[in-house]
Amino acid sequence: MKFLLDGLTVHFPYEYIYPEQYRYMLELKRALDARGHCLLEMPTGTGKTITLLSLITSYQLAHPEVGKLVYCTRTVPEMEKVLAELKELIDYRSRYFQGPGQSPPQILALGLSSRKNLCIHPRVQEEGSRESVDAKCRRLTAAWVRERHVSAPDIEVCSFFEDLERAGQDAVLDPGIYTLHDMRVLGRKKGWCPYFLARHMLAFCNVVVYNYQYMLDPKVANMVSRELEKECIVVFDEAHNIDNVCIEALSVNIRQQTLNLAGSNITRLRSAIDKAKATDAQRLKDEYNRLWSGLAQQGHLPAQNRSPLPGGEDTLANPALPQDILQEAVPGNIRRAEHFLAFLRRFIEYLRQRLNVQVVETETPATFLANLQEKVAIEGKTLRFCYDRLASLLKTLEITDVDDFTPIHLVADMATLVGTYARGFAIIIEPYDDRLPSVPDPVIQLSCLDASLAMKPVFSKFQSVVITSGTLSPIDLYPKILNFNPVVIQSFKMTLTRDCLCPVVLTRGTDQMPLSTKFEMRSDAGVVHNYGRMLVELSATIPDGIVCFFVSYLYMDQIVAKWHDMGVLQDLMAYKLLFIETQDVVETTLALDNFRRACDCGRGAMFFSVARGKVAEGIDFDRHYGRCVVMMGVPYQYTLSRILRARLEYLRETFQIKESDFLAFDAVRQSAQCVGRVIRSKADYGMMIFADKRYQRHDKRDKLPGWITTHLKDAHLNLSTDMLMHVAREFMRGMAQPYDRMAVGRSLLTEEQANSMNAATAAGLA
Amino acid sequence: MEEAGPSQPRGWDQQDPEALIDDQDPQGEEAADLSAFQREYEDDHSWEQLQEDEHGHLRAIDMREEQRAKRKRLLSAAMSARIRRGMIRYLQVVVDLSRAASIQDMRPNRAAAMASVLVSFIREFFDQNPLSHLGIIIMRNGRSERLSELSASPEFHINKLRSNLDAGGDASLMNGLDMAVDSLKAIPSYGHREVLVLFAALSTCDPGNIQDSVKSAQQHKCRVSCIGLAAEVHICRLSAQETGGTYGVALGEKHMEELVMGHAPPPPSRAADSAASLVRMGFPQRRPEGSDSMALIGKECTLLSGGFTCPRCLALVPELPSSCHVCGLTLVSSPHLARSYHHLFPIKPFVEVSADAVTQAMAAPNTQQRLQANDSSIWCYSCSSNLIQPDEADNTEAGVVVRCPDCGLFFCYDCDSYIHESLHNCPGCEAVGTEERFDDAVKMVE
């Protein structure tokens, strides 16, 4: 359908549109018009992705002055899904431009991912990890390798890269939508390297889909996204955990082993310098001169050597944010390569000494620096240049196997971050993991406490940033912790033709004793027994798949062991097969696969999973795979973690967010995320059981997303197990009845209805 | 939120891990919430929808809604007129008597509820499909048992079913399906193969891959329909979908009965499934009744008088319709064939009319439906009950009023269902037809 929305022609590839999609578009358009950021919550299963794509591409068509659509996803499968939907949309849109003298508007969209997902070199792509693929690629494509190849043809280079390089400016993609797979196919056909082609085409495309990291992690973003224009529209999809992504991007952990390896890295560098001195002293001298003259980008190779394509010589950029990097010459004491290595060695020795602690130490970067100055006479300002200085050195020494040098990079990362930021960070040194106090495992954690640090350059650089997800509640907390002013904040509800969500709060067992995973209650035999009986009865009432989320792996292990002793598991097995998520990815994948098979063949199965685990974040339990999801307890974070404590303190001091508020917010968003796994479309139905008496409290319930709370009836609060079974039986029977899938007019709008809604709003404004 | 046990050494201080979490127990909310639950689920004042009339009969306050719902079902059957139907059906009823059948959410329990519905279904089935055969398979203890072979005598099935109702163990849908499909495989191509599964359990414990069984059912053109007793089970829906059957979940005993009875009229047949073919049938002679004609009759050799003689092999069979136990010939009587006929040409659904329309029609002169010229009310054409004003003596509410689209006469709800369910002829059309024919005849004579 094609309809007018507030003066904008929108192409939408389906015959009907949900009312909430229409409203979503309206709000989104308002934000784009105002050139501001927005925060939109709309439940999953309402076609969020297609709504976003449909409106933004239509907007681009009507307003050529807006830039690219940069669509950030969390995983590669999500990325492929977005591109597939876009393809459908564009195919549909082209049909409207078939008339004589008309040609469909051209659009170029592509997905960008790491070399590991894009490489087509027969040997390189077989490498296991992302780092080793990167390193192998660099070994074949670095400028000096290719230079040497000219004189000595037996030095191997990558033919795909060479062909792309030879094609030069002619190497462009035809307009169209390219998924990662399409890029690889095209690369093979033309003999061009898909990764560098994608990087090259970034400047010319209308839509680019890539991972969060490419936008948020300054190391990657400076390399990839620096040249994106200001007018771009940036979308973060599934962004409920965006603050954690931001924090991870700026945090560094260093262990004993890292320091040891960094030490040997230095030794290798040392011998490389000696060798270079013997053979090609000029190179080192050139570098020194460059650093001394304070080129803007220290360590870049001279301009005449630079090809239009950055080859393997481009390494990750500075971990600090662009505006915080000092644009001045590297200080004298680390300009010479030998001096720099000695400096690093000193720093590593200092860290090693700090690691040798018996008790936990927490300090701010300022005290850390003061201590550093006092003990080994290292200045904070010098530390800031560590990262760039190291990158320059590696380039000068023409080192390509950068994956071996990851440890020294980590150390340099940390040095630069500590040197740059005085606020928003904490340094925590722990002698052992709290969970395993007997195993010494000292670690220095440079932990970012402020999610807004990494978001800030994105918000300030780009005109419109859209943050959206199915669960962003309470929505007013996000602007606070990300520290920005959205022009539109909106949470949408799902229009349903029937009550296909059934959230219930279970507070008591059959014996009326309270149910909770509270610390003082959770190991109580009565509570464990009541939880177990609840699951057994549920498995006799709910068909096909049930998913059950626990608050942590540890708690799951404990309670499952107890259930085994009590015979609960045996009773469960009479009705359902049991599958358990473990920390091993392969094992979990296998368990999931078998879980699905058990649901498919009618045996019925139950999946035990953990909130905040892989399954809770990325796996859907739609249709018969999840007729019911049980959230056992409130998934609070491990509150004794020092990092969390430090962050809570920072949030309280900086943003005036109470500790308990943040903890409850974080726990409830996790449980909303867990229970949301069960509904993936409007035709679906499922029960959501919040099994903890603490959900009865208003401060928890009110933090749930609106689309859940509207279905949370009074009659479904404060239930005991037997009442729950009654509710479940009625719900399952009711939902099995045939219903009118279409219900046009109520939950679906036709083209005319959409247009008339537009007319109505226009009249309302006038 | 993991904790090291309190006895284990802790790095820095002995703090309560949940000190920061503000988790006091809610107060004052509980009582209110319980009453909400009771309102929704427990206070089912079903008696409030009834009222007692002066004769002490209980009547529903508003029966129109109920009547409309029932009409809807009838209509959907009537709407699909002129559809090719499988008249000669071979139906295997698969009954789940697993552990789940002893659950008491239906009274007295699911197994008994299923049995009582099935008894009336079997009678209705043979009444509507005199040319068809039925067999019963039960699923119990992970196995399936053949309770009765495919045959055409309702009482035999009913007796078998009544004596076998103890439930236990797991259900295996695969075993049940395999057994049903196995027995239906051998049916000649004119027969319509059907399986009706009554599934009380929510899971099936199978020895192999049930998807293969569904495929084989599909290959052998068996139409598998399922009726669940508790909730939607994916595999049931899948097998119904793949084989062109229907799937329903019962809300209660009443709804289960409706769902099961929905399988009594013959289902539409797919043209590709059964090629038109001639079927050999015998129309046996009835033997005289009386003590002098006593003979050992039928497969069981019971001493009876009466019975029928197979025209081909002259064997004696006790009842019709059946197949001859000696030569296997299908034995029917001509009324049986005639009774099957109405499924092919059902009478049109009657249209519901509002009270206003009835009043208008009444105002028009020459309305046929007045008993007397001075009568101000309008009467059901078939039973002569008053359609507008409730009968004073009877004190009944006015029900739904319907009108035949062909003859335009009004009928009451009860007559509507009687006409569509049992009579299969519109009295109005028949009468008009006779009058016209009579008029024509008069004209010709003149």
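Domain bounds here come from an automatic or database domain assignment. The model shown in these views is predicted.

**View 1. Two assigned domains of chain A.** Welcome to chain A, where the assignment gives domain 1 at residues 252-432 and domain 2 at residues 501-735. Even so, the two domains do meet: 7 residues of domain 1 are in contact with 5 residues of domain 2. Together they bury about 460 Å², and carbon and sulfur atoms account for 66% of that area.

**View 2. A salt bridge between the domains of chain A.** Which residue forms a salt bridge with Glu430(A)? The partner is Arg642(A), and the closest N and O atoms of the pair are 3.3 Å apart. The count of salt bridges between domain 1 and domain 2 of chain A is 1, and 1 residue pair is in polar contact between them. On the domain 1 side of this meeting place, strand 11 (residues 425-432) of chain A gives the largest share, with 3 residues. By class, that side has 3 nonpolar, 2 polar and 2 charged residues.

View 3. UniProt, in an unreviewed entry, places the feature "domain: Helicase ATP-binding" at residues 7-288 of chain A. Follow the chain through this span and you will find 55% helix and 12% strand. The end C-alpha atoms of residues 7-288 lie 60 Å apart.

View 4. The size of an interface is often given as the accessible area lost when the parts come together. For chain B and chain A, the buried area is about 5200 Å², with 54% of it from carbon and sulfur atoms. The contact takes in 51 residues of chain B and 65 residues of chain A. Across this interface there are 2 salt bridges; one of them joins Arg733(A) to Asp105(B), with N and O 2.6 Å apart. There are also 8 residue pairs in polar contact between the two chains.

View 5. Three elements of chain B each give two or more residues to the side that touches chain A: helix 1 (30-42), helix 6 (210-219) and helix 7 (234-243). Which helix gives the largest share? That is helix 1 of chain B, with 7 residues. The residues on this side divide into 24 nonpolar, 8 polar and 19 charged.

**View 6. An annotated zinc finger region in chain B.** The feature "zinc finger region: C4-type" is placed by UniProt, in an unreviewed entry, at residues 310-327 of chain B. Over this span the chain is 0% helix and 22% strand, and the end C-alpha atoms are 9 Å apart.

**View 7. Two cis peptide bonds, in chains A and B.** In chain A, a cis peptide bond joins Ser473(A) and Pro474(A), with omega about -10°. Pro474(A) sits in the loop between strand 13 (464-469) and helix 20 (477-482). In chain B, look for the bond from Arg107(B) to Pro108(B), which is cis with omega near -10°. Pro108(B) is found in the loop between strand 3 (89-96) and helix 3 (110-128).

**View 8. A positive phi at Ala377(A).** Although Ala377(A) is not a glycine, its phi is positive, at about 55°. To find Ala377(A), look in the loop between helix 15 (365-376) and helix 16 (380-384) of chain A.

Methods: Residues are numbered from 1 along each chain as its sequence is written. Chains are lettered from A and ligands numbered from 1 in the order in which they are written. This is a predicted model: local features need pLDDT of at least 70, side-chain atom pairs count only at pLDDT 80 or more; totals for chains, interfaces and linings use all residues. Side-chain values use heavy atoms; hydrogens and water are left out. Contact means heavy atoms within 4.5 Å. Buried area is the accessible area (1.4 Å probe) that two parts lose on being put together, summed over both. A salt bridge is a side-chain nitrogen of Lys or Arg within 4 Å of a carboxyl oxygen of Asp or Glu. A polar contact is a pair of N or O atoms within 3.5 Å; within protein, one must be able to donate a hydrogen and the other to accept it, and residues adjacent in sequence count only if both atoms are side-chain atoms. Helices (H or I, at least four residues) and strands (E, at least two) are DSSP runs, numbered from the N terminus. Ala, Val, Leu, Ile, Met, Phe, Trp, Tyr, Cys and Pro count as nonpolar, Asp, Glu, Lys and Arg as charged, and the others, Gly among them, as polar. UniProt positions are given in the numbering used here, feature names are shortened, and annotations may be inferred rather than shown by experiment.
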